Amino acid sequence: MGNSSEDSEKKSFDKMKELEVAVPIVYGNVAFWLGKKASEFQSHKWTIYVRGATNEDLGVVVKRVIFQLHSSFNNPTRVVDNPPFELSESGWGEFEIVITLHFHSDVCNKPLHLYHHLKLYPDDESGPLSTKKPVVVESYDEIVFSEPSEALLARVQNHPAVNVPRQLHLPPPAPLEDVDLKKRGDTKDHPLSQWFTNFSEADELLKLTAARQQVQGHIARLRRQLSLVDGQQQQLKPATDP
């Protein structure tokens with residue numbers, strides 16, 4: 001006869017193996033034209049960043065972020081060890097920035113590489129540049145961690161930046177030792193927050209649905225075209241004598 005406590009521990013272990021936690025993130029840049037202060041090599045001031053999708057502190061899972069700038073910058077490898085994970089610079093050119101996220105040891109041992117093309121100028125280049133309205137380019141993504149440890153679950157299960165599925169027998173939440181520590185890196189009151197894109201799960205689902213419909217419409221058009229081509233080929237075939 002099996003041991004009930006061992007069976008319970010095994011079920012709990014299996015359930016932990018099936019768990020996933022998701023961290024919605026946004027990465028991108030905000031760029032301001034300097035107007036009359038602009039020079040040939042200093043036309044914009046910009047900020048590159050990684051933030052929580054709802055502007056929450058990512059420090060609960062992210063330990064360090066490295067921004068790899070263009071080689072023309074002094075010290076092009078910039079390391080940010082504390083949230084908010086961002087850096088500000090000035091320049092005149094657009095280029096690709098590699099953003100590398102390093103996680104806490106109980107989260108993930110492998111870094112995550114993101115790629116963002118720094119955008120300084122609006123898509124409609126015919127219009128005048130504005131010093132009041134910046135150019136904002138952001139991307140939404142979700143980082144999913146499978147089989148999280150109990151220590152990680154205890155730390156993140158009530159954190160607004162992390163989506164933890166509701167499961168039974170989760171470990172108790174880790175106590176907060178310092179209120180200021182809890183608020184560290186919170187971007188709710190970030191000076192650029194008025195320009196941040198408001199990402200939500202509903203918006204993303206609508207975009208995915210629209211994209212899927214567009215693809216399905218394109219496939220239907222291609223099928224109609226293929227059908228017409230097949231019909232024309234059948235008409236062009238020479239009649240065979242009986």
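1. Start with Phe95. Leaving out residues up to four places away in sequence, Phe95 touches Trp46, Leu69, His70, Phe73, His116, His117 and Leu118, where a contact means heavy atoms within 4.5 Å. Phe95 sits in the loop between β5 (85-91) and β6 (96-103); helices (H or I, at least four residues) and strands (E, at least two) are DSSP runs numbered from the N terminus.

2. A word on the model before going on. This is a predicted model, in which local features need pLDDT of at least 70 and side-chain atom pairs count only at pLDDT 80 or more, while totals for chains, interfaces and linings use all residues. Residues are numbered from 1 along each chain as its sequence is written, and side-chain values use heavy atoms, with hydrogens and water left out.

3. On confidence: the protein chain has an average pLDDT of 79, and 72% of the residues score at least 70; pLDDT is the predictor's confidence in each residue, from 0 to 100. Residues 8-15 have pLDDT below 50, and beyond near neighbours in sequence this stretch has two contacts in the model. Residues 177-185 also stay under 50, with eight contacts beyond four places in sequence. Where pLDDT is low, the predicted coordinates should not be read in detail.

4. Is Phe95 buried or exposed? Phe95 has a relative accessible area of 9%, so it counts as buried (under 20% is buried, over 50% exposed, partly exposed in between, with a 1.4 Å probe and protein chains only). Trp46 is buried as well, at 0% relative accessibility, and so is Phe73, at 16%.

5. Now the rings. Searching the whole structure turns up four aromatic pairs; rings of Phe, Tyr and Trp (its six-membered ring) pair if their centres lie within 6.5 Å, and planes under 30 degrees apart count as stacked, over 60 as edge-to-face and the rest as tilted. For Trp46 and Phe95 the centres are 6.2 Å apart and the planes at 75°, so this pair is edge-to-face. Trp46 belongs to strand β2 and Phe95 to the loop between β5 and β6, so the pair ties together parts 49 residues apart in sequence.

6. How are the rings of Phe73 and Phe95 arranged? Their centres are 5.6 Å apart and their planes at 50°, so the pair is tilted. Phe73 lies in the loop between β3 (62-68) and β4 (77-80), so its pairing with Phe95 ties together parts 22 residues apart in sequence. Trp46, Phe73 and Phe95 make up one aromatic cluster.

7. Then the sheet. Four strands form an open sheet in the order β5-β2-β1-β8, with antiparallel pairing; two strands pair if DSSP finds at least two bridges between them. β5 and β8 (135-146) are the edge strands, each pairing on one side only.

8. Strand by strand: twelve bridges join β1 (residues 20-33) to β8, with Ala31 partnered by Val135 of β8. Nine bridges link β1 to β2, where Asn29 has Ile48 as its bridge partner. β2 and β5 share seven bridges, and Trp46 stands opposite Glu89 in β5. Strand β2 (residues 44-52) is mostly covered, with eight of its nine residues buried.
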